[in-house]
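Trainee: I would like to learn how to read a model step by step. Could we go through one together?

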Amino acid sequence: MMEPAERALFARTLGAATEERSGAALDAALLELGWRDALTDDPRAAVSVLFEHLGRTASTSTALDDVLADALGAGVGADVAMVYPALGRAEPPADEDGGRLVVKGLGTARLLRAGTALVVARGPGGDVGTTVKTAGLRVRPVLGMDPGLELAEVAGTATSASPPSSLRPGAWSEAVSRGRLAVGHQLVGASAAMLELARRHALDRVQFGRTIAAFQAVRHRLADTLVAIESARALLDEAWDDSRAETAAMAKAVSGGAARAAARHCQQVLAGIGFTTEHPLHRYVRRVLVLDELLGSSRSLTAELGRDVLARRRLPSPIPL
Amino acid sequence: MELPEFRATLDRWLDEHAADLAPDRSLGTLDEHMAQLAKVKRLAYDAGFMRFGWPERVGGLGGSPLLRAYLGEALTARDLVEPGIYSMTETLAPTMIDHASPALAAAMVPRLLSGDETWCQGFSEPGTGSNLAALACRAVEDGDGWRVTGQKVWTSLAQYAQRCVLLVRTGPLDVAHRGITALFVDMESPGIAVRPIETMHGAPEFCEVFFDDVAVPAGRMLGHEGQGWSVAMDLLPYERSTALWHKAAYLQRRLGDLVEAVADHALDPVQVGETVQLLAAFRARSRATAHRLAAGERLGPETSVDKVLVARAEQAVFDLVEAGLASDVLLEEDAAASRWRSEYLFSRAATIYGGTEEIQRNIIARRLLDLGDDR
Ligand SMILES: Cc1cc2nc3c(=O)[nH]c(=O)nc-3n(C[C@H](O)[C@H](O)[C@H](O)COP(=O)(O)OP(=O)(O)OC[C@H]3O[C@@H](n4cnc5c(N)ncnc54)[C@H](O)[C@@H]3O)c2cc1C
């Protein structure tokens, strides 16, 4: 566990790194700054700090691979390229039968560079984790809504480079939960950045002889944005205190919903200037749309939660005071 | 006592005394709810639980406010008290402790905790709801005390109350909040008339209160003359911390009751999921606030976020009730249906009392987002 002073220093240095760098340069800087040690030593502090900064700066990193690899016990010594479920999904990204894997999913930029990838597959005997050669798979850089995120799409049939090892039941779900918290923090960071952009604009922009911050319609949109961000933060915090997958799923869903609300309100307040590529807002709007879909969207997670509650006729039991 | 030990001891006591604590009959009217509240407070006070989390100088047994938070949670979760009427204790006892003379606080707070007395909060007036600083109920100095003349409205539980925390104008109107003073008034005083008001949820929750030259001794002033505004502002974070935690326990219970009772396919899973998430987010926020209070942090305008969240969660829960149990809420007369109907209707007020949703967003914009004045 990090001491408060240590944590503050870590936050400052990571904050500076994410502001100055992005992509491969940022990944190199993170290694140098001891991000992976921090991840194994104090995952809560490391993940919440790094991903909130990634969200705020809209910088790009492959660090999510480390988060899942660490949660799966794959070790974070080397650059492990993870395969993620396809958009909006959370099941393992492959099916396994007799050592043959049918893969369909997403990856970070690491997947484009690396020769091998870590794939979790659902097989007849449960989940297995295995390393596959990427050469036999179709790997395509994703541009789409947010080219800056540097995602890759992967599909194809592969044979394991090493014998698959069985994962203990729940291992994949725990890794997904970790990933959801990381992406949740990133969504919250991006939402906070959008709110700050809109707030500054509201205080600077003059119409009808006053700053638009004086208009209650504008103020209330920004207030609602803050309320949405604070509820996401509260649930993310609670999810770290509570190890259940259900809580992490709620935190991810609420973070995604908050980010969508922030994008809607802040875009409206920034109006014309916010619609241009000269203004940074569009980068956040694009990013949160994709992040919301990664590892389960707010929409799908919410519907799934509702169906579970109705099927069990019981609410998730909350953690005690 | 620490929270884990308190929790275990209290839970055991609640189990052992379940029969004594249970309502004598099914609760319908506000009179019955008030009698039940007084009974439960008395039993919990005599057993010591109601005294934990309160300072020794007002008859408490000390310990963290988390103990109070858990007590209210446990009583609400077991459906022994209704959190709205219980919340007056959490709101008004801290006000007395912080602002009354030590002797007055020591004499009065135990009566509130033990259930011997009910207190009310006289802020709103016919002409001032949201714009509280414009209140007009006037107190003039008279020898060694005050004489109060004016009217309050929507004063919850005034018809049951022995005392009232009352905001009055002692300075000129044009200095707005600086001319306000807080008084602790005996409701038995000559010159006070109370008229309960029928409400749409079927219980006379609040009253009009008329003051006609009512004498209030000087020792009943809370804080200093002209400082009533800060007494009122200091009260709000209490209203939005422990009391809201109790509300979370209540909403958790009722939403749980709904998903048990509802017919198959009567509810839209997305609406269920959204409501569960809203409630979980509010509860998580309120839990963090309770811990900040316990750590001795000074709570302030950030509790407006808690207030917005509780109102949204409460209305979402009862929107779902109305959707899933439409015939109970709309048509039936049995006790369970009447209760759902009354609670549904009461939930409509969640964005009104304690500062409307719009006022909370104004506070968030000005105080938390630093957007300056709205003109
Ligand atoms: C169930 C219940 C219990 C209550 N209990 C008590 C009690 O115990 N003690 C007590 O003193 N009071 C009590 N109240 C009164 C409550 O505090 C007021 O109703 C509330 O503050 C709003 O005042 P109002 O009703 O006069 O509405 P108004 O202030 O007239 O507001 C009407 C509408 O205008 C909006 N509005 C007003 N000003 C602004 C603004 N500046 N910006 C944007 N919108 C604005 C409001 O949000 C609202 O939608 C209770 C009310 C209810 C419903």
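Trainee: Let me start with a lysine: is A:K252 buried or exposed?

Mentor: Before we look, keep in mind that this is a predicted model. The general idea is to compare the relative accessible area with a cut-off: under 20% counts as buried, over 50% as exposed. A:K252 has a relative accessible area of 0%, so this lysine is buried. The residue sits in helix 9 of chain A, which spans residues 245-274.

Trainee: Now the backbone. What is the phi of A:A58?

Mentor: For A:A58 phi is near 55°, a positive value in a residue other than glycine. This alanine is in the loop that links helix 4 (43-57) and helix 5 (63-71) of chain A. Its relative accessible area is 8%, so A:A58 is buried.

Trainee: And where is A:F208 in chain A?

Mentor: A:F208 is in the loop between strand 9 (206-207) and strand 10 (210-211). Its phi is also positive, near 55°, and this residue is not a glycine either. The relative accessible area of A:F208 is 76%, so this phenylalanine is exposed.

Trainee: How should I read the overall form of each chain? What radius of gyration does chain A have?

Mentor: The idea is to set the radius of gyration against what a compact globule of that length would have. For the 321 residues of chain A, the expectation is near 20 Å, and the chain has 20 Å, which agrees. Chain A contains eleven helices and ten strands, and its C-alpha atoms fill a box of roughly 70 × 50 × 40 Å along the principal axes. Of its 321 residues, 57% are buried.

Trainee: How many helices and strands does chain B have?

Mentor: Chain B has 13 helices and eight strands. Its radius of gyration is 21 Å, close to the 21 Å that the globule rule gives for 375 residues, so chain B is as compact as a globular protein of that length. Its C-alpha atoms take up a box of roughly 70 × 50 × 40 Å, and buried residues account for 55% of the chain.

Trainee: Let us turn to contacts between the chains. Which side chain of chain B makes a polar contact with A:E230?

Mentor: For a contact of this sort, read the partners, then the distance, then the setting. The side chain of A:E230 is joined to that of B:R285 by a polar contact of 3.1 Å. A:E230 is part of helix 8 of chain A, residues 216-241. This glutamate has a relative accessible area of 19%, so it is buried.

Trainee: Where does the ligand lie?

Mentor: With a ligand, begin with its place and then list its neighbours. This one lies between chains A and B. There are 20 residues around the ligand, and B:S124, B:S130, B:W154, B:T356 and B:E358 come nearest. The shell consists of eight nonpolar, ten polar and two charged residues. Domain 2 (121-226) and domain 3 (240-368) of chain B both give residues to this shell, so the ligand lies between them.

Trainee: Which side chain has an N or O atom 2.7 Å from an oxygen atom of the ligand?

Mentor: That is B:E358. Turning to ligand nitrogen, an N or O atom in the side chain of B:S156 is 2.8 Å from a nitrogen atom, and a polar side-chain atom of B:N362 lies 3.1 Å from a nitrogen atom. On its own the ligand has 960 Å² of accessible area, and the protein covers 67% of that. Strand 3 (145-156) and helix 13 (357-368) of chain B are the elements that give two or more residues to the shell.

Terms used. Residues are numbered from 1 along each chain as its sequence is written. Chains are lettered from A and ligands numbered from 1 in the order in which they are written. This is a predicted model: local features need pLDDT of at least 70, side-chain atom pairs count only at pLDDT 80 or more; totals for chains, interfaces and linings use all residues. Side-chain values use heavy atoms; hydrogens and water are left out. A residue is near a molecule or strand if one of its heavy atoms lies within 4 Å of it. A polar contact is a pair of N or O atoms within 3.5 Å; within protein, one must be able to donate a hydrogen and the other to accept it, and residues adjacent in sequence count only if both atoms are side-chain atoms. Accessible areas come from the Shrake-Rupley method with a 1.4 Å probe; for residues, only the protein chains shown count as cover. Helices (H or I, at least four residues) and strands (E, at least two) are DSSP runs, numbered from the N terminus. Ala, Val, Leu, Ile, Met, Phe, Trp, Tyr, Cys and Pro count as nonpolar, Asp, Glu, Lys and Arg as charged, and the others, Gly among them, as polar. Domain bounds come from an automatic or database domain assignment. The radius of gyration is taken over C-alpha atoms; the globule rule is 2.2 Å times the number of residues to the power 0.38. Buried means under 20% relative accessible area, exposed over 50%, partly exposed in between (1.4 Å probe, protein chains only).
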